[in-house]
Amino acid sequence: MNEIIFLVEEDIEGGYIAKALGESIITQGDTLEELKKNVKDAVNCHFEDDKKPKLIRLHIVKEEVLPNV
């Protein structure tokens, strides 16, 4: 595997949640820096050394609601 992609969203309770696409990996962090560390740790725990992706891509989504006025 060359890369793994995580969908990152803001948590309604604060911080961020990251979910891997195509793998059963979910992690969170209070800040983006903490989230990045936790994503790396989760990937390293999930894959054996010879199957670890070489690249971790974070797709950060920020939802905004606009009034239709």
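In what order do the four strands form the open sheet?

1. The order is 3-2-1-4, and the pairing is mixed. Strands here are DSSP E runs of at least two residues and helices are H or I runs of at least four, numbered from the N terminus; two strands pair if DSSP finds at least two bridges between them. Strand 3 and strand 4 (55-61) are the edge strands, each pairing on one side only. From one strand to the next the twist averages 25°.

2. On provenance: this is a predicted model, in which local features need pLDDT of at least 70 and side-chain atom pairs count only at pLDDT 80 or more, while totals for chains, interfaces and linings use all residues. Residues are numbered from 1 along each chain as its sequence is written, and side-chain values use heavy atoms, with hydrogens and water left out.

3. Strand 1 and strand 2 are antiparallel, with five bridges, and Glu 10 stands opposite Tyr 16 of strand 2. The two strands form a hairpin with five residues between them, where Gly 14 in the turn has a positive phi of about 110°.

4. Strand 2 also pairs with strand 3 (residues 26-29), again in the antiparallel sense, over four bridges. Tyr 16 faces Gly 29 across this pairing, and Ile 17 stands opposite Gln 28. This hairpin has five residues between its strands, and Gly 22 takes a positive phi near 85°.

5. Helix 1 lies across strand 1, strand 2, strand 3 and strand 4, and runs at about 155° to strand 3. Axes are lines fitted to C-alpha atoms, for helices over the stretch in contact, and angles run from 0 to 180 degrees between N-to-C directions.

6. The largest nonpolar core has 12 residues, among them Ile 4, Phe 6, Tyr 16, Leu 35 and Val 43. Such a core is a set of buried Ala, Val, Leu, Ile, Met, Phe, Trp, Tyr and Cys residues joined through side-chain atoms within 4.5 Å. Strand 1 (3-10), strand 2 (16-20) and helix 1 (32-46) each give two or more residues to this core, with helix 1 giving the most, four. On strand 2 the covered face holds Tyr 16, Ala 18 and Ala 20, and the uncovered one Ile 17 and Lys 19.

7. Thr 27, in strand 3, counts as buried because its relative accessibility is 14%; buried means under 20% relative accessible area, exposed over 50%, partly exposed in between (1.4 Å probe, protein chains only). Beyond its neighbours within four places in sequence, Thr 27 is in contact with residues including Tyr 16, Leu 35 and Val 39, contact meaning heavy atoms within 4.5 Å.
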